[in-house]
Amino acid sequence: SITPSYSLLCHGVGDARIFAEVYGAMCRRAGLDCRVISGTKNGEAWYWNLIQVDGLYYHVDLQESRGAGVFTRLADGEMEGYVWDYSAYPAAETAVEPTETTE
């Protein structure tokens with residue numbers, strides 16, 4: 001049977017939740033602190049990741065990055081349209097320049 005994770009990894013098909021869950025699992029497997037955040041984006045249920053790199057936290061929304069063609073790591077203040085339980089996660093206070101993605 002085809003699972004959502006299989007569909008994403010083999011066919012590139014998935015929603016924001018499965019993108020965040022698979023990315024989170026891959027990061028944790030690599031030894032990185034990566035959490036899946038559930039919240040809303042522009043009023044709709046949405047999922048993305050919070051990853052720690054070199055002691056700093058960043059938001060990563062792979063579903064959004066894929067659609068925009070750039071990989072972005074965002075600070076809390078740059079998460080326009082996103083809402084989540086801010087008290088449940090570490091603060092992401094530093095932004096990084098986006099880089100182009102390749103599909």
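1. Buried means under 20% relative accessible area, exposed over 50%, and partly exposed in between, with a 1.4 Å probe and protein chains only. By that rule Cys34 is buried, at a relative accessible area of 3%. Cys10 is partly exposed because its relative accessibility is 47%.

2. The model is predicted: local features need pLDDT of at least 70, side-chain atom pairs count only at pLDDT 80 or more, and totals for chains, interfaces and linings use all residues. Residues are numbered from 1 along each chain as its sequence is written, and side-chain values use heavy atoms, with hydrogens and water left out.

3. On the cysteines, a disulfide is a pair of cysteine sulfur atoms within 2.5 Å, and a search of the whole structure finds 0 of them. Cys10 is in no disulfide; its nearest cysteine sulfur belongs to Cys27, 19 Å away. Cys34 is in no disulfide either, and the nearest cysteine sulfur, again that of Cys27, is 4.0 Å away.

4. Helices (H or I, at least four residues) and strands (E, at least two) are DSSP runs numbered from the N terminus. Two strands pair if DSSP finds at least two bridges between them. Strand β1 (residues 34-41) pairs with β2 in the antiparallel sense over 8 bridges, and Ile37 stands opposite Trp48 in β2. The hairpin of β1 and β2 has 2 residues between the strands, and Asn42 there takes a positive phi near 55°.

5. β2 also pairs with β3, in the antiparallel sense, over 5 bridges. Here the bridge partner of Leu50 is His59 in β3. This hairpin has 2 residues between the strands, with Asp54 at a positive phi near 50°.

6. A nonpolar core is a set of buried Ala, Val, Leu, Ile, Met, Phe, Trp, Tyr and Cys residues joined through side-chain atoms within 4.5 Å. The largest has 11 residues, among them Leu8, Phe19, Cys27, Cys34, Ile51 and Leu62. Both α2 (16-29) and β3 (56-60) supply at least two residues of this core, and α2 gives the most, with 5 residues. A second, separate core of 10 residues includes Trp46, Trp48, Met79 and Tyr82.

7. Rings of Phe, Tyr and Trp (its six-membered ring) pair if their centres lie within 6.5 Å; planes under 30 degrees apart count as stacked, over 60 as edge-to-face and the rest as tilted. The structure holds 3 aromatic pairs. Trp48 and Tyr82 are edge-to-face, 4.9 Å centre to centre with 75° between the planes. This pair links distant parts of the chain, Trp48 in strand β2 (residues 44-53) and Tyr82 in strand β5 (residues 82-83), 34 residues apart. Trp48 and Tyr82 are both buried. The pair of Trp84 and Tyr86 is tilted because the planes are at 55°, with the ring centres 4.4 Å apart. Ring pairs join Trp48, Tyr82, Trp84 and Tyr86 into a cluster.

8. A charge sits over a ring if NZ of Lys or CZ of Arg is within 6 Å of the ring centre and within 35 degrees of the ring normal. Lys41 has its charged end over the ring of Trp46, 4.7 Å from the centre. Likewise, the charged end of Arg73 lies over the ring of Tyr58, 5.0 Å from the centre.
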